[in-house]
Amino acid sequence: MTDAPILEAIGITKSFPGVNALKSVDFRLFPGEIHTLMGQNGAGKSTLINVLTGVHAHDAGEVRLGGEPVQFATPLEAEAAGIQTLYQEINLCPNLSVAENVFAGRQPKRRGMIDWKTIHSRTEAALAELNVSLDVTKSLDAYPIAVQQMVAIARAVSVDARVLILDEPTSSLDDSEVARLFDVLRKLKQSGYAILFVTHFLEQTYAISDRITVMRNGEREGEYVAKDLPVERLVSKMVGHERMSERLKHAATEAPVSKSEAPPFVEMRGVGRRGLMSPVDIDVQPGQILGLAGLLGSGRTETARLLFGAERADTGTVNVAGKPVKLGSPRDAVHQGIGYCPEDRKKEGIIAALSIRENIILALQARRGWWRVLGRAKERAIADDYIAKLGIKASDAEQPIGLLSGGNQQKVLLARWLATDPKMLILDEPTRGIDVGAKFEIMDRVLALCAKGLAILFISSEVSEVVRVSHRIAVLRDRRKVAEVAGNALSEDQVYRLIAGDAE
Ligand SMILES: Nc1ncnc2c1ncn2[C@@H]1O[C@H](COP(=O)(O)OP(=O)(O)OP(=O)(O)O)[C@@H](O)[C@H]1O
Ligand SMILES: [Mg+2]
């Protein structure tokens, strides 16, 4: 770390209609450091990044790069000046190939023609840096979201930048991929990069950061040397009161005692699909949480999608509430009282242009049938209720959901399914991108519903979270179910061993 900041914000103010997103914020980023920006959902982290990188113009204040005032009109201008940014919502083109994504806007040419050979070999080299090997000519959407994110990072590291900004890059990566990414970040830091990182994972913050800037309610709360800031203090600075740190100590999220040996709500027998998932048996009881553990690509999401009818099974049978049913489409599943919060909120979840109210009532309306309209006042009451209950930070229920911070969008999705009063919920990474405070609130709420008889299929990359909340855990590996174990009785270590395959 040297004496002069490479990138600096001085008194940055930025308002959107109805929100003061940034209130005279100062921020400094030095060469050779990894600096983490922390704060609750809606605190202004992404907005600050957007101002620094030319996505938004600021209302007042100054941005300096290498000591000189700059005003980037577009992210491309910031990129040209040596600032590479991986935004919170992946900004790649799913239909282009991996290599096209890495080189979009800056393709090397030979004699006026795009030099595909160079593009492909340089993309492979950039991915190799991250220990990823893929067919770079395939279209990006052929790969799961975590791999797509690796591609975005490869784009960032394949140019000669001085500043690298990553807004929640790890929220869809599993442990080994996070470790890999961190290795890369440390290497880049050694070579003098200034790295700005946003995450909600406290452990990751401490594993990687030299310094931490805390934001709260659009203000900079403070800047700290990571090793001098104990985790409880960090949390209370983020949430603005001391109670939360107490709460963290005795983590409230523990699975309620299993209610009964009630017959399963869902029984899947030998359900699979060639090329997607080997046949699995899965039971989920009312009032119980079945956790799915496994590495990325082990078949967790595939299992969920088969159950929800989003993928059509070619073998097996499903019983719901004791009766054989055919779940050929999500519509069938919703009709049976099954809700699904998908992992990729942008692609499968939110409709950015619709309001929060419209996004929340979507599943409820679909379940009632479109001809039985709820009425504006009723819709509004439901939306306001969930905005309050889940602490969704928005100026109003009529705000387009696309304008909410990432974590708040995730909460709206959860509200959508809770509003249908489902009998079973499939939660695929439900707390991804959600701040510590809200995470406990959301899990508490889910557990309370579970105690009232809701059946839950819970998927998370965080093994600790799966172990803590699940009554039983199905462990998946290579798109097969390899074990099923009682949740509370198990240690994380044991689950890790099952996942890794050395406990059989
Ligand atoms: N384009 C926009 N139009 C209107 N309001 C916006 C826009 N972008 C952000 N906001 C609002 O500004 C505030 C700060 O949002 P921001 O996205 O910076 O939060 P964040 O700290 O990144 O949160 P998260 O952890 O959920 O990603 C929020 O209240 C959000 O709704
Ligand atoms: Mg954000």
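**Ligand 1 and its shell**

Trainee: Which element gives the largest share of the shell around ligand 1?

Mentor: This is a predicted model. Three residues of the shell come from one element, and that is the largest share. The element is α1.

Trainee: Which elements give two or more residues to that shell, and where does ligand 1 sit?

Mentor: Ligand 1 sits in the largest pocket. Two or more shell residues come from each of β2 (19-29), α1 (45-52) and α15 (406-418). So much for the elements; the site is the largest pocket.

Trainee: Why does ligand 1 lie between two domains, and which are they?

Mentor: Look at who supplies the shell. Both domains give residues to it, so ligand 1 lies between them. They are domain 1 (7-246) and domain 3 (349-421).

Trainee: How do the shell residues divide by type?

Mentor: There are 19 residues around ligand 1, with G42, K45, T47, S405 and G407 coming nearest. By type, the shell holds two charged, six nonpolar and 11 polar residues.

Trainee: What is the distance from ligand 1 to the side chain of S405, and how much of ligand 1 does the protein bury?

Mentor: A backbone N or O atom of L403 is 3.2 Å from a ligand 1 oxygen. For a backbone N or O atom of G407, the distance to an oxygen of ligand 1 is 2.8 Å. An N or O atom in the S405 side chain lies 2.6 Å from a ligand 1 oxygen. Alone, ligand 1 exposes 640 Å², of which the protein buries 92%.

Notes
Residues are numbered from 1 along each chain as its sequence is written. Chains are lettered from A and ligands numbered from 1 in the order in which they are written. This is a predicted model: local features need pLDDT of at least 70, side-chain atom pairs count only at pLDDT 80 or more; totals for chains, interfaces and linings use all residues. Side-chain values use heavy atoms; hydrogens and water are left out. A residue is near a molecule or strand if one of its heavy atoms lies within 4 Å of it. A polar contact is a pair of N or O atoms within 3.5 Å; within protein, one must be able to donate a hydrogen and the other to accept it, and residues adjacent in sequence count only if both atoms are side-chain atoms. Accessible areas come from the Shrake-Rupley method with a 1.4 Å probe; for residues, only the protein chains shown count as cover. On a 1 Å grid over the protein atoms alone, a cavity is a set of points where a 1.4 Å probe fits but cannot get out, and a pocket is an open set with protein on both sides within 12 Å along at least five of seven lines; lining residues have an atom within 4 Å of a point. A molecule sits in a cavity or pocket if more than half of its atoms lie within 2 Å of its grid points. Helices (H or I, at least four residues) and strands (E, at least two) are DSSP runs, numbered from the N terminus. Ala, Val, Leu, Ile, Met, Phe, Trp, Tyr, Cys and Pro count as nonpolar, Asp, Glu, Lys and Arg as charged, and the others, Gly among them, as polar. Domain bounds come from an automatic or database domain assignment.
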